[in-house]
Amino acid sequence: MSVFSDLRIQTVKQSRRDQVDFDNLGFGDVFCDHMFSLVFEDGRWQRPEILPFGPLPLHPSALSLHYGQAVFEGLKAFRGKDEVVRIFRPDMNAKRLVGSCKRLCIPPIEPEVFYAAIEHLIRLDHAWIPRTRGQSLYIRPIIFGTESHLEVRPARTFRFVVMTAPVRKYFQDDVKAIELKAEEKYTRAAPGGMGYAKTAGNYAASLYPGELGRKEGYAQVLWLDGAEHRYVEEVGAMNIFFKFKNTVVTPELHGTILPGVTRDSVITLLKDQAMPVEERLVDIDEVIDGMRSGELEEIFGAGTAAVICPVGAIAYKGQRHEMSKNSAGPLTRKLYDTITGIQLGEVEDKFGWTRVVDVDAAVSAAAAGD
Ligand code: COI
């Protein structure tokens, strides 16, 4: 792997893997033994390192802590019954990360560096990849400004870190539908803002309304547009799809919505099956009317962490509107099975979405050492 001819590797003395209860995984409760780290200083990315996973030094006045200059990604690796380790569509994450970096004045990570960092880590910690269906190895790359300064301006130093964690699906039950609250007051993103970028600030904006919704019993907020609170945007942890009788509809990407990798996968799979799919403005009234009339047959979210998640009810204007079934409909189920099947190597990967990691290749061979 020539990308990292100077990779420095410091391995753990003793793996923590045996202490992990793989039957009771959460989402990001436990992390693998190692992390990847790359520092940007003096106008360039410095020597890459793999370190034991753990705390990093950060100055209290680091710009990212004060002004939110941080972007991240989320992708997954799987081990199939065939023992092959596959990462799902890392090219999409690498590309989106470059776009997020641009929006937040962060020097971009080249896709080749992105893949190499992930592949080296997975080779070292592949024993952590869960073997239970529904579980996976979640990969979380993050870049944040580290420069100690209080002027509001882009940092001059950054750190790129990749951490990995064995996880269950974000919403534990893949059949039972979750309930959403359509948010009429607060806004996730506004035109001209950062909605399309995967940046910490977008998630910070969602915390308070999310907590209010949770207190009322709703798992997530269904964001409406920032100008009129009329058009459906996304769910924060996932994009949203509506299956009407004759067509599947999802909000179009116009800058305020995260361009999800699973969203793109769903659209591609539907088009491949000649199912009509529309990316357009979706009025919340159209959704509520469709739920009332039965014209709207299924609602589901799509995201890396959430996979494909059925939605069983939406609260809007103080009223709770229910789908007829509180479980995954046939299309939701089929998409879930197809996507997870491709990820596990059980369904033909006709779009070339998975990237195989040769976990038997020696990591040390690529390392320059100290
Ligand atoms: C993902 O699906 O990977 C996400 O980043 C969503 C959420 C868990 C933050």
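Modeller: Happy to! Start at Ala-305, where a backbone N or O atom lies 2.8 Å from an oxygen atom of the ligand. Please keep in mind that this is a predicted model. Thr-304 also takes part through its backbone, with an N or O atom 3.5 Å from an oxygen atom of the ligand. Tyr-138 uses its side chain instead: a polar atom there lies 2.5 Å from a ligand oxygen atom. On its own the ligand has 280 Å² of accessible area, and the protein covers 90% of that. Besides Tyr-138, Thr-304 and Ala-305, the residues around the ligand are Phe-72, Gly-74, Arg-140, Tyr-170, Lys-198, Tyr-203 and Ala-237.

Now let us turn to the nonpolar cores. The largest one has 43 residues, and those with the most contacts inside it are Phe-36, Ile-109, Phe-114, Ile-122, Ile-143 and Phe-160. Two or more residues each come from β2 (34-41), β6 (75-79), β7 (85-88), α2 (90-103), α3 (111-125), β8 (136-145) and β9 (158-167). Of these, α3 gives the most, with 8 residues.

Leaving aside neighbours within four places in sequence, Phe-36 is in contact with Phe-4, Leu-7, Pro-48, Glu-49, Ile-50, Ala-117, Leu-121, Phe-160, Val-161 and Val-162.

Definitions and conventions:
Residues numbered from 1 in each chain as written. Predicted model: local features only at pLDDT ≥ 70, side-chain atom pairs only at ≥ 80, totals over all residues. Heavy atoms only, no water. Core = buried A, V, L, I, M, F, W, Y, C linked by side-chain atoms within 4.5 Å. Buried < 20%, exposed > 50% of the residue type's maximum accessible area, 1.4 Å probe, protein only. Helix = DSSP H or I, 4+ residues; strand = E, 2+ residues; numbered from the N terminus. Contact = heavy atoms within 4.5 Å. Near = heavy atom within 4 Å. Polar contact = N/O pair within 3.5 Å; in protein donor to acceptor, adjacent residues only side chain to side chain. Areas by Shrake-Rupley, 256 points an atom, 1.4 Å probe, with all protein chains shown as cover.
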